[in-house]
Amino acid sequence: MGPAPTTAHHRELALGETADLEACSQGITWTRQTLTDWDLLDQGLDALLIAAELLSNAARHAGGIRSLTLTHDEGLLQIAVTDPSPDPPHLRPHRPDSVGGHGIFLIDRLAQHWGSRPNGRGKTVWATLALQP
C-alpha cells in the first residue's frame with residue numbers, strides 16, 4: 001500500500017526582495033488565479049484581503065517581499081508572506097478613525113489563526129482561514 005491520498009495543494013510565488021506596489025499587485029493577482037484554479041474564489045474574498053494586507057505590510061514595514069505561499073488542505077487555507085525583517089508584527093489597539101494601520105487588526109478579525117515564525121534572517125507571517133465544505 002502506498003501513502004494515503006491527500007487533498008493538499010501548495011503554491012509559492014517567489015518575488016525576490018521587492019518592496020514596491022507592483023509586487024503587491026502581482027501577489028494579489030496570483031492569489032486570485034490560484035484560488036480560481038483550486039475552485040475556491042467564491043469563498044476566497046477574505047483570503048484576497050488577507051493576502052493584500054500581508055503583502056503591503058511586508059513591502060511597507062519589513063523591507064520587501066521574498067515570497068507568497070498558499071496552502072490548501074482539509075478545509076483550511078493558509079496564506080504566508082516571507083520578508084527580510086526579523087521583527088514580528090504586533091496587534092496594536094485599533095483606532096477605526098485613523099488612516100491606515102488596520103492591516104493586522106483586519107487579519108486578526110478575518111483569520112481563524114495568524115502568527116509569525118523566523119525564516120532565515122527574516123520571518124514568515126501567516127494566516128489560516130477555514131473554508132466551507
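**Notebook: contacts, burial and salt bridges in a predicted chain**

I started with the contact range: of the contacts between residues at least 6 apart in sequence, 63% join residues at least 24 apart. I took contact to mean heavy atoms within 4.5 Å.

Residues are numbered from 1 along each chain as its sequence is written, and side-chain values use heavy atoms, with hydrogens and water left out.

**Overall layout**

I looked up the secondary structure next and got three helices and five strands. Helices (H or I, at least four residues) and strands (E, at least two) are DSSP runs, numbered from the N terminus. In sequence order I read β-α-α-β-β-α-β-β. The radius of gyration is 15 Å, close to the 14 Å from the globule rule for 133 residues, so the chain is as compact as a globular protein of that length. That radius is taken over C-alpha atoms, and the rule is 2.2 Å times the number of residues to the power 0.38. I also noted the span of the C-alpha trace along its principal axes, about 55 × 30 × 25 Å.

**Burial and surface**

How much of the chain is buried? I get 41% of the 133 residues, with buried meaning under 20% relative accessible area, exposed over 50%, and partly exposed in between (1.4 Å probe, protein chains only). The chain exposes about 7,900 Å², and carbon and sulfur atoms supply 52% of that. These areas come from the Shrake-Rupley method with a 1.4 Å probe; for residues, only the protein chains shown count as cover.

**Charges and salt bridges**

I find 10 positive and 15 negative side chains, with the centres of the two sets 8 Å apart. Lys and Arg count as positive and Asp and Glu as negative, leaving out His and the chain ends; the place of a charge is NZ of Lys, CZ of Arg, CG of Asp or CD of Glu.

My search of the whole structure turned up two salt bridges, each a side-chain nitrogen of Lys or Arg within 4 Å of a carboxyl oxygen of Asp or Glu.

Aspartate 37 sits in helix H1 (residues 21–37) and arginine 11 in strand S1 (residues 9–18), so the bridge ties together parts that are 26 residues apart in sequence. Aspartate 37 is partly exposed at 42% relative accessible area, and arginine 11 is partly exposed at 30%.

The other joins lysine 123 and aspartate 83, 2.9 Å from N to O. Lysine 123 is in strand S5 (residues 122–130) and aspartate 83 in strand S3 (residues 76–83), 40 residues apart. Are these two residues buried or exposed? I find both lysine 123 and aspartate 83 buried.

**Helix H3 and two strand residues**

In helix H3 (residues 103–110) I list Gly103, Ile104, Phe105 and Ile107 as buried. What do they pack against? I see helix H2 (45–61), strand S4 (113–119) and S5.

Proline 118 is in strand S4 and counts as exposed, at 73% relative accessibility. From proline 118 to serine 85 I get 9.3 Å, C-alpha to C-alpha, across 33 residues of sequence.

Alanine 130 lies in strand S5. Setting aside neighbours within four places in sequence, I find alanine 130 in contact with Gly75, Leu76 and Gln112. Alanine 130 and glutamine 112 are 18 residues apart in sequence, yet 6.5 Å apart from C-alpha to C-alpha.

How values were computed
Predicted model: local features only at pLDDT ≥ 70, side-chain atom pairs only at ≥ 80, totals over all residues.
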